[in-house]
Amino acid sequence: MGVTDKLHRVFEVDRQMRGLQSRLRAAERFLAEQERQIGELETSLASLKSQLRQLTASSSNSEGEVTRLDAHIEELRERMNNATNNKEYKALLTEVNTFKEQKTAAEGEAVGQLETVDRLKEQVASHEESLAERTKVRKVAKSDRDQRADEIKDKLAELQGQREALVADVPAHVMSVYVELIEVREDEAMAPIEIADRKRHEYHCGSCMMSLPVETMSALLSHGELTRCVSCGCILYLEESTREAMAAKR
Ligand SMILES: [Zn+2]
């Protein structure tokens, strides 16, 4: 058996392993997305709660200010009632009016703050609701991920054992070419040579479909040497049916 056929056995095992892992990866991605959304919700919830605390404090200050101004106005009115002359009365009245304006302003501020407090409370409630929902989804996503990992665990271990035995039969420099290709091309790291036109000796790469020069195949055909597609760089192999068809022609 040539080196290409030996490598092809590794490739087929790798393909099965990737197939098994792809459902697990999808579950892992879904779970990671839930984690990300939960993280975002928690961050904005913390920020909303902090705004709410500050504004609640400010709003209670404004209310305190209104009470203080009220008391002051009341005191001035008391003094107005006891005024001994018109000049004193007028002076006190002016002062009352000034404090009344301040009180109106403070009341307006308090109302505005209370409205914002209510709005923030609604936002906090809706964030908490979303967070609770998302947490439920995460729980399901996590158990789905665990279940998938568990389902493929034994089969993966078996394939891993097969792979190790097969890899032992492939020269290290060939494996390193292969491993690099797998990183970028995954299932397209190796491709079969396909017959485009048998009579005219036209063949193409099963991955990129570009035609292959006859000399590309001669090394592969005769000794099973590592042969790469001149167009896409994948490692070419011959399927048994193709090999037989080519042999019959020759
Ligand atoms: Zn190609």
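1. Basis. Numbering starts from 1 along each chain, following the sequence as written. Because the model is predicted, local features need pLDDT of at least 70 and side-chain atom pairs count only at pLDDT 80 or more, while totals for chains, interfaces and linings use all residues. Helices (H or I, at least four residues) and strands (E, at least two) are DSSP runs, numbered from the N terminus.

2. Helix α1. This helix covers residues 3-81, which is 79 residues.

3. Burial in α1. The buried residues (20 or more other C-beta atoms within 10 Å of their own; exposed means 12 or fewer, partly exposed in between; C-beta atoms are placed from the backbone) include L7, F11 and L24.

4. The sheet. Four strands form an open, mixed sheet in the order β3-β2-β1-β4. Strands β3 (211-212) and β4 stand at the edges with a single partner strand each, so one side of each lacks a neighbour in the sheet. Strand β2 (residues 202-205) pairs antiparallel with β3 over two bridges (pairing needs at least two DSSP bridges). Y203 has L212 as its bridge partner in β3.

5. Loop residues. E186, between α3 and β1, has phi near 45°, positive in a residue other than glycine. E186 counts as exposed, with 12 C-beta neighbours inside 10 Å. M209 sits in the loop between β2 and β3. Its phi is positive too, about 70°.

Definitions and conventions: The expected span of a helix is 1.5 Å times one less than its number of residues.
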